Amino acid sequence: MTEDLGRVLVIGAGLGGLTLAHALVHAGIDVRVYEADEGAEERLQGYRIGLGQPAMDALRASLPRRLYELVEVTSGGLTGPGFMFDEQLNVLSSDLEGPPAGARAIDRQVLRRSLLGALEDRIAYGKRLTGVTEADGTVTARFADGTEATGQVLVGADGGNSAVRRHLAPEVRLVDSDLCGAMGRTPLTDRFLRLVPGRGTMVKDPEVTLMLGRMQFDREPSEAAAELAPELHMPHRESYVRWVLMVPPGHPAATGPRLEDARDLVLELIDGWHPDLLDLVRSADMSAAGRSRIFDRPMPSWPVGRVTLLGDAAHLTLASGGNGANTAMQDAVRLAARLSKVERGQRDLTSALGEYQADLLERGNAAVEYGKEKLKTFISTETTTGVAEASPR
């Protein structure tokens with residue numbers, strides 16, 4: 001007996017949710033995406049990330065060819081040595097662990113804008129989820145604006161503080177990791193390029209670690225989009241250095257009053273460092289600097305029904321692992337493959353979603369543990385060899 005898969009509801013228009021939507025469209029499955037933000041540009045979506053070969057393969061398999069080409073030509077290289085410097089830019093190591101072959105540097109905002117392409121009529125904004133009901137072979141999502149949406153499957157791709165996860169596993173809570181991170185981006189100049197001569201740079205003193213990554217576009221995104229996907233209206237973006245400062249547990253900056261300017265926090269913590277590093281932070285784009293606490297969360301299995309999870313909603317990975325987007329995109333294509341078999345009558349929905357959940361938690365929990373292990377490199381008070389640019393998986 002075959003089962004009509006019907007419409008899939010995706011809650012969240014982040015990288016994982018949009019990759020899933022493309023993969024489902026590619027498989028001929030009806031899908032709608034519901035995003036809590038009022039629009040695609042409401043908030044900063046992040047900076048440079050690294051995508052490993054599995055994630056690039058997921059995008060290639062899911063996106064229309066022109067959109068995949070846009071992602072590819074606007075990416076940057078992740079090659080060359082990984083350096084560790086002390087605070088005065090003395091070389092401590094030039095042999096830090098790097099990303100696997102085929103990994104690319106991607107600007108998160110450019111990637112998200114690319115993923116929004118060809119999905120405009122399938123995305124609804126201003127839809128903050130308030131409730132989920134499963135009944136009679138359907139699942140209904142209720143939103144704060146009083147509207148509802150009904151489908152046969154609902155996927156929570158709504159991030160670390162997922163409302164869908166609270167529906168499935170209300171006992172699970174975010175756990176404060178007692179860590180603080182501050183980040184920003186600084187326009188790339190010849191002077192600052194010298195700070196990142198290879199795939200990534202780590203600068204360490206006995207208390208804090210500053211990580212630098214070069215986002216040097218192979219092709220300027222607005223120029224590339226004008227040729228490959230002119231309907232996207234991609235903003236002009238200059239190449240930049242992304243910097244991230246990790247504050248170790250127990251440091252006063254991790255628990256003290258929040259500073260309005262993340263640059264003030266970083267400059268306070270790197271006072272006395274080499275002038276090139278100080279000027280790198282002073283020259284940061286003010287619209288692209290922020291500070292946040294870092295959370296962790298254990299995730300058990302949940303009862304298999306018509307509701308499931310994807311990405312950070314299921315496995316909240318630390319940024320130190322460099323694998324959050326990579327894992328979410330693999331979630332997306334693996335879920336889409338199983339739902340495609342249901343659509344073709346080759347699988348029943350319950351067994352397909354049960355198998356997906358088992359795979360999701362195995363890979364996701366491994367990604368979480370990887371991030372925790374790599375975090376030791378960034379907050380260690382000892383100078384040890386580790387990752388200069390967290391390895392995408």
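Two strands are taken as paired if DSSP finds at least two bridges between them. Helices (H or I, at least four residues) and strands (E, at least two) are DSSP runs, numbered from the N terminus. The model is predicted, so local features need pLDDT of at least 70 and side-chain atom pairs count only at pLDDT 80 or more, while totals for chains, interfaces and linings use all residues. Residues are numbered from 1 along each chain as its sequence is written, and side-chain values use heavy atoms, with hydrogens and water left out.

Strand β4 (residues 82-86) is joined to β13 by 5 bridges, and the two run parallel. Gly-82 lies opposite Gly-200 of β13. β13 is also joined to β14, by 4 bridges in an antiparallel arrangement, and Thr-201 has Leu-212 of β14 as its bridge partner. β13 and β14 make a hairpin with 4 residues between them. Of the 5 residues of β13 (residues 200-204), 5 are buried (under 20% relative accessible area, where exposed means over 50% and partly exposed in between, with a 1.4 Å probe and protein chains only). The strand is therefore largely enclosed by the rest of the structure. Gly-200, Met-202 and Lys-204 are buried on one side, as are Thr-201 and Val-203 on the other.

An open sheet of 5 strands has the order β7-β2-β1-β11-β17, with parallel pairing. β7 (123-124) and β17 (307-309) stand at the edges with a single partner strand each, so one side of each has no neighbour in the sheet. Helix α1 (residues 15-26) packs on this sheet and touches β1 (8-11), β2 (31-34), β7 and β11, contact meaning heavy atoms within 4.5 Å. The direction of α1 makes about 165 degrees with that of β2; axes are lines fitted to C-alpha atoms, for helices over the stretch in contact, and angles run from 0 to 180 degrees between N-to-C directions. Strand β11 (residues 153-156) is joined to β17 by 3 bridges, and Gly-156 stands opposite Leu-309 in β17.

The structure holds 3 aromatic pairs (ring centres of Phe, Tyr and Trp, its six-membered ring, within 6.5 Å; planes under 30 degrees apart are stacked, over 60 edge-to-face and the rest tilted). Phe-217 and Tyr-240 have ring centres 6.4 Å apart and planes at 70 degrees, so this pair is edge-to-face. Phe-217 lies in the loop between β14 (209-215) and α7 (221-228), and Tyr-240 lies in strand β15 (residues 240-247), 23 residues apart. Both Phe-217 and Tyr-240 are buried.
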